[in-house]
Amino acid sequence: MSGLFHLQELNLSGNEIWDLAALVANAENGGMGDGAVITVGKASLLDDEDELSAVIEDQINRLVNQGVTVILTETSGTQN
């Protein structure tokens with residue numbers, strides 16, 4: 001996800017997103033940051049116990065530390 005500079009809003013809800021590492025790398029390397037909003041469907045980020053893993057929680061915290069607002073929606077990873 002390199003090259004996404006000055007991104008203000010990214011809506012990934014309805015997509016099967018399993019890992020936020022690429023978004024974190026973008027934010028920590030001068031890409032999106034203060035004021036950016038990322039919307040992600042929560043269902044695809046849950047582990048086998050229907051919880052956010054420590055890795056995902058860390059990734060969300062790292063995005064927030066870069067000034068990104070992360071919104072987790074109840075939208076599933078598939079749309080009909």
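In this predicted model, the backbone oxygen of Ala-25 lies 2.7 Å from a polar atom of the side chain of Asn-29. Asn-29 itself is found in the loop between α1 and β2, and at 61% relative accessibility it counts as exposed, because that value is over 50%.

**Helix α1 and its buried face**

- Helix α1 covers residues 21-28, and Asn-26 is found in this helix.
- The buried residues of α1 are Leu-23, Val-24, Asn-26 and Ala-27, and when the helix is seen down its axis these residues fall within an arc of 160°, so they line one face of the helix.

**The loop after α1**

- Gly-30, which comes just after α1, takes a positive phi of about 90°.
- Asn-29, in the loop between α1 and β2, is 37 residues away from Gln-66 in sequence, while the C-alpha atoms of Asn-29 and Gln-66 are 9.9 Å apart in space.

**The sheet**

- Three strands form an open sheet in the order β1-β2-β3, and the pairing is parallel.
- Strands β1 (residues 9-11) and β3 (residues 69-73) stand at the edges of this sheet and each has a single partner strand, so one side of each is left without a neighbour in the sheet.
- On average, and with direction ignored, neighbouring strands of this sheet are turned by 15° against each other.
- As a general rule, the strands of a sheet pair through backbone hydrogen bonds, in either a parallel or an antiparallel arrangement.
- In this model, β1 pairs in the parallel sense with strand β2 (residues 37-41) over three bridges, and Leu-10 has Ile-38 in β2 as its bridge partner.

**The salt bridges**

- The structure holds two salt bridges, and Glu-28, Asp-58 and Arg-62 are linked in a network of such bridges.
- Glu-28 forms a salt bridge with Arg-62, in which the closest N and O atoms are 2.8 Å apart.
- Because Arg-62 and Asp-58 are four residues apart in helix α2, about one helical turn separates them.
- Glu-28 is partly exposed, with a relative accessible area of 36%, and Arg-62 likewise counts as partly exposed, at 31% relative accessibility.
- Asp-58 is partly exposed as well, because its relative accessible area of 38% lies between the limits of 20% and 50%.

Terms used: Residues are numbered from 1 along each chain as its sequence is written. This is a predicted model: local features need pLDDT of at least 70, side-chain atom pairs count only at pLDDT 80 or more; totals for chains, interfaces and linings use all residues. Side-chain values use heavy atoms; hydrogens and water are left out. Helices (H or I, at least four residues) and strands (E, at least two) are DSSP runs, numbered from the N terminus. Two strands pair if DSSP finds at least two bridges between them. Axes are lines fitted to C-alpha atoms, for helices over the stretch in contact, and angles run from 0 to 180 degrees between N-to-C directions. Buried means under 20% relative accessible area, exposed over 50%, partly exposed in between (1.4 Å probe, protein chains only). The arc is that of the directions from the helix axis to the C-beta atoms. A salt bridge is a side-chain nitrogen of Lys or Arg within 4 Å of a carboxyl oxygen of Asp or Glu. A polar contact is a pair of N or O atoms within 3.5 Å; within protein, one must be able to donate a hydrogen and the other to accept it, and residues adjacent in sequence count only if both atoms are side-chain atoms.
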